[in-house]
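Subject: Structure handover

Hello,

Here is the structure I said I would pass on. Please look it over first; my notes follow below it.

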Amino acid sequence: MREVETWEVLALRRLTELMNRVCAQDDLSVLFEMVVDGAADVVGFKVAAISVVVPSGDVEVVAVAGDDDARAELLGRRTAREVLEGEFAVAERWGTLRFVPAGHLPDGSAEGWVSSDWSAPTPEDDPEAWNPQDTLIAPFFDAVGELLGILSVDLPLSGRRPDATQRAVLELFAHQTGIAVSSARQRHTLSEKVRLAEAVQTVARIAQEDLDPARVVDAAAAPILAGLAAASLWLRAFGVEDDDDRESVSARSGATVDAPVSLVDTARRVAIQCWRTGVVAVVGSGRASPAHVWDAEGIGRAETMLEAAGARSLLIVPIGSGASCFGYIAGTRGPGDQDWTDAEAEAALEMGRDLGRALRNARLYAVERRVAAELREADRSKTQLFSTVSHELKNPLASIVGHLELLRQEPEGDREWSLGVIERNTQRLQDLVDDLLTLSRVSDPDRALPESDVDLGEVSREVVDMFRPHADTRRISLTFDLEDGVPPVRGSAGDLERVVQNLVSNAVKFTPPGGTVAVSVAGGSDRVVLECVDDGVGISAEDQAGLFTEFFRGTNPASLQIPGTGLGLSIAQRVASRHGGRIDLDSEPGRGTSVRLLLPAR
């Protein structure tokens, strides 16, 4: 009797010491290892294991002590909740313990552990002998009676079923384990709340302080990584129009991580779906939720990425504001990390909303700056236009007024010469007014573009025929070539004719006598090309930069001697742009110019 009391006192003392250490432990994995080691040692079993309830309701073995082979086989094993409840239903109740004798386990239950170096008396010799198929379970609960997990023991060192004292000690182990686990989880929950609150506040502050999307993304990555306790994290803001996506990446270890290409496309699609329904998405270990945001291809890509990265699960959080998704937060966790919690998902959504508001404000601010710059440019252009038009009007008007005064003062003078000057300057003013009206018309974004089939080949032929007499007078060879089967283009015949007139007119004007101008029209299935090539004075690279600017006349003295308004190419470019086309130019001083008008075929 004295030996039993001594064992009881020793067991209780060791249990008390163990539980003091357990209750001070915040790391649940360490806590579980301490409990199973103590249960195997103090109660006297070769194998002890702890299984905890996971979010699905099943129980998973998280710690095994006493036998390396048992640890290798049992660790990570999951038992469905209904199977465990079936075992409880057929078990004998030993206080709070559950004992299922060999042969009574329901279908689906795992068989007991058998060790080659363990032996027990036969039931014929001892009715209390332990059968390797016996099952002894000590459930543990939280303060409100919710099942947290089970402590299982197998293969008693005595070879016999535990006596009343061992059962009492095992019940104490289970009870204290429930208290320790509840306390540790409460401390973890409180720590998690503090951690997430700090992350949310930091991201909100960053979102309010900066209006540059790149800086917002870079500054937010580190606090989000810490707040979500992710192994690695990708934060991506979608680009606007031609702007590239902005991305920041972080890893818990501080190492550089690259965003897998497969992740970018999958996460974009999933994030947009998540934003529409206000949820986060999780994938890993063969499961994906919520189901409506995932498809088989997306799950496969995510699983492949996780495997390559050595990660266990992936969390995707949308970044958005209003009805628009502006990006996503994607974080991974490794095999040793816990599952994502509801609190983390909610905090992540809040951070996604804060970043979304920041990105929306940044984009609105960018639009505001762009509009302000455009208004300043429009005002500058208007002022420049007034100045240029005034200058262009002043010179011919001054010449007309001067010759009128001359005619008035000297009626018998050279009237024909003065009238010729007046006529030329009047025509110059008329051309300028016509070009200004045309420029205004083709620059009006609200003016509808006439939609009709235009035969660019025939339009070009008529223009060439119109300029041929002038070219012949100046001894310039003007040729035209039309490829067979050129498709029509859609648009305004009048506007396109004006473009061809400007191109051919410039080529003839700036080509010296004896030169050549070749005009050709060719086409394919998707576009029509008009090319006008001359061997005239050519254009310098510096002048080419401003060639399509209103009133630009260039810096070549020979070119400046030739009359013109400087509006023709500006008009041509705007007409081409309105028709979905463009004008390409290749030129060198002294070697001529090649101009190509490219338009989409109907």
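A residue is called buried when its relative accessible area is under 20%, exposed when over 50%, and partly exposed in between (1.4 Å probe, protein chains only). Because its relative accessibility is 0%, Ile 316 counts as buried.

This is a predicted model, in which local features need pLDDT of at least 70, side-chain atom pairs count only at pLDDT 80 or more, and totals for chains, interfaces and linings use all residues. Residues are numbered from 1 along each chain as its sequence is written, and side-chain values use heavy atoms, with hydrogens and water left out.

Ile 316 sits in strand β12 (residues 313-321); helices (H or I, at least four residues) and strands (E, at least two) are DSSP runs numbered from the N terminus. Leaving aside residues up to four places away in sequence, Ile 316 touches Ala 267, Val 270, Ala 271, Val 280, Ala 281, Trp 294, Tyr 328 and Ile 329, where contact means heavy atoms within 4.5 Å. Ala 330 is 14 residues from Ile 316 in sequence, with 4.5 Å between their C-alpha atoms.

Next, a sheet. Five strands form an open sheet of mixed pairing, in the order β15-β17-β18-β20-β19; two strands pair if DSSP finds at least two bridges between them. β15 (477-482) and β19 (582-588) are the edge strands, each pairing on one side only. Within the sheet, β17 (residues 516-523) and β18 (residues 527-534) run antiparallel and are joined by 7 bridges. Val 519 stands opposite Cys 532 of β18.

Helix α15 (residues 568-578) lies across β19 and β20, at about 140 degrees to β19. Axes are lines fitted to C-alpha atoms, for helices over the stretch in contact, and angles run from 0 to 180 degrees between N-to-C directions.

Last, a helix pair. The axes of α11 (residues 456-473) and α12 (residues 493-509) come within 9 Å and cross at roughly 35 degrees. Residues making the contact include Leu 456, Val 459 and Phe 467 of α11, and Glu 497, Val 500 and Val 504 of α12. The contact residues divide into 9 nonpolar, 4 polar and 1 charged; Ala, Val, Leu, Ile, Met, Phe, Trp, Tyr, Cys and Pro count as nonpolar, Asp, Glu, Lys and Arg as charged, and the others, Gly among them, as polar. Among the buried residues of α12 are Asp 495, Val 500 and Val 504.

Regards
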